[in-house]
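Work through these exercises with the model open. Each task is followed by its solution.

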Amino acid sequence: MNTYKLNINNKEVEVEAVPDMPLLWILRDHLELTGTKFGCGAGVCGACTVLINNEAVRSCLMKVSACINKKIISIEGLSENGTHPVQVAWNEENVPQCGYCQSGQIMAVVGLLNANKQPTEEEINETMNQIYCRCGTYHRIKKAINNAISSINK
Amino acid sequence: MLGFLLPGLPATGQNLPGCEFFQPNVYLRIDKKGLVTIFVARQEMGQGVNTSLPMIVAEELDADWKDVKVEIAEHGTFPLAKAIFGESPHDTGGSQSIPGSWNELRKAGAAAKAMLIEAAANQWGIKPSQCAADKGAVVNTVNMAVLTYGELVCRAAELPVPKEVTLKSVKDFKIIGKEPKKSNQKDIITGKTKFGIDIKIPGMVYASVERCPVMGGTLISFDDSESKKIPGFIKTVKYEGTGSPMNVYPGVAVIATSTWAAMQARKLLKIKWNEGAKNKESTVALFKSFAEKSKAKPAVSVFKKETKPGFKLTPSNSYTATYSGPLLAHAAIEPVNCIAEVNGDKCEIWGGFQLPDWALNTISQDCGFKKENIKINLSLIGGGFGRRLRCDFAIEAVKIARQIDKPVQLVWSRPDDMKFEAYRPANYHRLKAGWDTKGNIIEWHHHVLSTPIATVTWPGSKNVNENGGGADSEFWYDIPNVYTGYTAVEININRSWVRGVENAQNVFAMESFIDEVAGKLKKDPLQFRLQLLEGKQPVTINGMYKEPQRVADVLKLAAEKIGWNQSRKKNHFMGVATHSYLGTKAYAAHAVEIELIGAKKFRIKKIVAAIDCGLIINPDGMRNQMEGGIAFGLGQVLKNEITVINSRVQENQLDDYELLTYAEMPDVEIHHIKSEADPGGVGEVGVATVGPALCNALAAAGYRPRTQPIKKEGYKWVV
């Protein structure tokens, strides 16, 4: 077990963990930040997506030892109160059904738009094809993404 | 049981110091600030009951929706009054939440309003008939004075609950029919929602289970010497499986200080299993068996209607076709999980359960706790689709918890969730139709074969029928002779209800076949169906009521909106399908337009859904369910499949089980029939007709799919 100093949601925290422990479980079990979800543990479903240095990363595959000196933002730290343009778009389009995958969906879109404010449809598809929703909110996710793109490019 | 009342007794609140709130029944509580807390017994799993059901209460209460707060009702607080589904008002499934709760919720809101009005009338010294309620306040229609519900709480709490109430007319509805945002939408978007998997109990530990790979096997021995080396390891425990109804597999569980440590340590277990005799079964062999057995007479007759006895089928006046569907997983994104804590003879669990009372009874039966010593704490569910009807994962958690003196959370890994659950039955269909010399369809035979739910859940079940995953009495076409039969075929794999149940499984065959018969008779598939539906009387078959006219109306609406009667664009083809959904007072049809871009290669241009579910509580919620139903149904027809080799499920992840992806979701339109009929349930009616409508479009293009998922027949699609 090692001690790791991590920067999570603009706060410095210290955790004791083995080097291989994925960031997902640091967030969920050590810090009780359960907004980031476990869906598959293999980087397939995207429910665990967080931002590391503004890039979307699958926290279930990110070892804690690789997380030092990085700015980590989880869904809880994305905005004060749901005010990030992607969250606003999500609320306007009434995207969620059960809501379980939605943190990951939102963080993935934020990461995409952080990298590219005007992605093409193909670029959006490439990112979003790797995040699953079983309730089938894809139709509304598409609208929310387009809505968010308009909003951030005003 | 705080706050629980029987009708007729005075409301609580009156005897509390300072009178804190008014709670005339289990459904709602109003505090002195006017906050209206509405308790929802049905389980929220994305279908929106946490919004639609409170809307019904709030409507009759004449609350201001902005004053409403929604809470999950604690298990056991709702009276065990007769519910349409199962035995408990918490039971959630079968699309019954709205139709089953409609009347009781209206009465609950109306009773509370009547008491608030009476309280105001008493305060003003006027008659209740001289008062009006609106947006959380009572108005004195004589002098226009206003008293808010918050101000009336203490007076209302002193009044007896009325036995008779007056309900509003539909035309006076102010909340029902509107589209308030989902009551926990903000929480979802900001990551605050707590699903079962998110619950934290002080002192809790975590477990991961390695199960016998074959159902019905037993443990011989295990070696956890490597597991012990994982930091955080606490101990290894083993437990025996159970028989029906849950068929829990025997397991070896590692308990550790974190979910991940438990999962890592479990991977290092070395275990010897006795797999039992039924460890060589496969879905390939199963479907061969289906095909063979389908040629024989059905083992059981399910439904028979014979108004033209003696009608003869010959090779020239009849047609036979077969179709099939695979085992299907639920694959909710939240893998199943449960926290359990055992203290002596008491047991407490936390998690998401669609049938909490079945869970309580089964835990009592399988784990030996007295029912009154079992407490269930209900949480939000990250995707149900029928998975959480069963409590197998809770039984496992309890068996583990009895072997440690801490609360322990069992979380299934994704491969566990994919491999060890109970699947939508594999199914096969042989249909035959015959027609007279004028080209009228006279006779319809449907032999349904499947791996039934009933025999594995309640062994000894005979004549497996509705909701056993067997045959289905849903049939809406007015054909003179109809014969439905069923044959059960076994496989050593667990089966259960998946969204759409046997209705969806059978509609694929029925709506594909009617289309094929129309083709044989050179009739337009839309007109051919309509002539068998329009103007036909409502019919009840094996207890299931349906109205053929409503089946026709949704079909016409879908066809109209896709442009069925317009000329087709080059290489564009359309297909339709329609149905009535089992006991839900709901009907739906889909129309699909595809562009053919090669042999068996297509692009879906548009899918139109048309629904009749009577009065719609929340139109946005309805649309969300129908959009989701398209995604669910499309994934099924295109690519979802569970395969079995040596009695083991082969799939592991959400990409080899192949869920529908974002880009594969086509343009969709949802249309509805405007109706004031009693509200129906929308959770499942949006699934069944997606697949056959697509296949009928492909048939129009010259290709008739018979095997689901159709990728097995070489179909390819592009976005």
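**Exercise 1.** Find the bridge partner of S450(B) in β21(B).

Solution. The partner is A488(B). Step back to the two strands: β20 (residues 441-450) and β21 (residues 481-488) of chain B pair in the parallel sense over eight bridges. Strands are DSSP runs of E with at least two residues, helices are runs of H or I with at least four, and both are numbered from the N terminus. Two strands pair if DSSP finds at least two bridges between them. The model is predicted: local features need pLDDT of at least 70, side-chain atom pairs count only at pLDDT 80 or more, and totals for chains, interfaces and linings use all residues. Residues are numbered from 1 along each chain as its sequence is written, while chains are lettered from A and ligands numbered from 1 in the order in which they are written.

**Exercise 2.** Give the strand order of the open five-strand sheet in chain B, then its edges.

Solution. The order is β13-β21-β20-β19-β14, with mixed pairing.

**Exercise 3.** Which strands of chain B does helix α11 (residues 501-520) of chain B lie across?

Solution. Helix α11 of chain B lies across β14, β19 and β20 of chain B. It runs at about 150 degrees to β14(B). Axes are lines fitted to C-alpha atoms, for helices over the stretch in contact; angles run from 0 to 180 degrees between N-to-C directions. Contact means C-beta atoms, placed from the backbone, within 7 Å.

Terms used. Two residues are in contact if their C-beta atoms, placed from the backbone, lie within 7 Å.
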